[in-house]
Amino acid sequence: ALAQLWNVLNMRSARTTLLANDVVRNPWVTASLALCVVLVLVALYVPQLSEVLRLRPPSAIEWVLILSASGFPLIAGQLIIAVRGHLQQGEVAHSYES
């Protein structure tokens, strides 16, 4: 669930940065992400709900693994955006040379 949430941050233009783009400046997106994180935590830490969902709270080591693994789509997406932006800049420079 967290990997999908962080993937929202990949929905940006190659001309912008991870922390300075229309996605993170949109208060509705920020609020939605925060609400989703809270709902995940509620599902894990509210005993009645976690029993119904058959979940248990992760240990500290499991949280490290969860947060690390959930960051992979964000990192991969940012690398793809950076490479695409670099390739597009090369195409623009090449067109000026022709």
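Tutor: Happy to. Let's start with the pair D22 and R25, which both lie in helix 2 (residues 22-25), three residues apart, about one turn of the helix. Helices here are DSSP runs of H or I with at least four residues, strands are runs of E with at least two, and the numbering of these elements starts at the N terminus. Before going further, please keep in mind that this is a predicted model: local features need pLDDT of at least 70, side-chain atom pairs count only at pLDDT 80 or more, and totals for chains, interfaces and linings use all residues. Residues are numbered from 1 along each chain as its sequence is written, and side-chain values use heavy atoms, with hydrogens and water left out.

D22 forms a salt bridge with R25, and their closest N and O atoms are 3.6 Å apart. That term asks for a side-chain nitrogen of Lys or Arg within 4 Å of a carboxyl oxygen of Asp or Glu. Both partners face outward: D22 is exposed at a relative accessible area of 63%, and R25 is exposed at 56%. The labels work like this: buried is under 20% relative accessible area, exposed is over 50%, and partly exposed is in between, using a 1.4 Å probe and protein chains only. Looking back along the chain, M11 is 11 residues from D22, and their C-alpha atoms are separated by 9.1 Å.

The structure holds two salt bridges, so let's visit the other. E62 pairs with R56, with 2.7 Å between the closest N and O atoms. Here E62 is partly exposed, with a relative accessible area of 27%, whereas R56 counts as exposed at 52%.

Helix 3 itself covers residues 27-45, 19 residues in total, and reaches 27 Å from its first C-alpha to its last, close to the 27 Å expected at 1.5 Å a residue. The expected span is 1.5 Å times one less than the number of residues.

Within helix 3, the buried residues are L33, A43 and L44. Seen down the axis, these buried residues fall within an arc of 100°, so they line one face of helix 3; the arc is taken from the directions between the helix axis and the C-beta atoms. Their cover includes helix 1 (2-7), helix 4 (47-53) and helix 5 (60-70). On the face turned away from that buried side, helix 3 carries the exposed residues P27, W28 and L35.

Helix 5 is worth a stop, as S70 is found there. S70 is buried, with a relative accessible area of 5%, and its side chain reaches the backbone oxygen of L67 at 3.1 Å. Not counting residues up to four places away in sequence, S70 touches L2, A3 and W6, where contact means heavy atoms within 4.5 Å. The C-alpha atoms of A3 and S68 are separated by 9.6 Å, although the two are 65 residues apart along the chain.

Helix 6 (residues 72-97) holds Q78. At 14% relative accessibility, Q78 counts as buried, and, leaving out residues up to four places away in sequence, Q78 touches L9, N10, R12 and L18.

Now zoom out to the whole protein. The secondary structure comes to six helices and zero strands. Of the 98 residues, 20% are buried. Among contacts with a separation of 6 or more, 55% come from residues 24 or more positions apart. The protein exposes about 7,400 Å², and carbon and sulfur atoms supply 70% of that area; accessible areas come from the Shrake-Rupley method with a 1.4 Å probe, and for residues only the protein chains shown count as cover.

Methods
A polar contact is a pair of N or O atoms within 3.5 Å; within protein, one must be able to donate a hydrogen and the other to accept it, and residues adjacent in sequence count only if both atoms are side-chain atoms.
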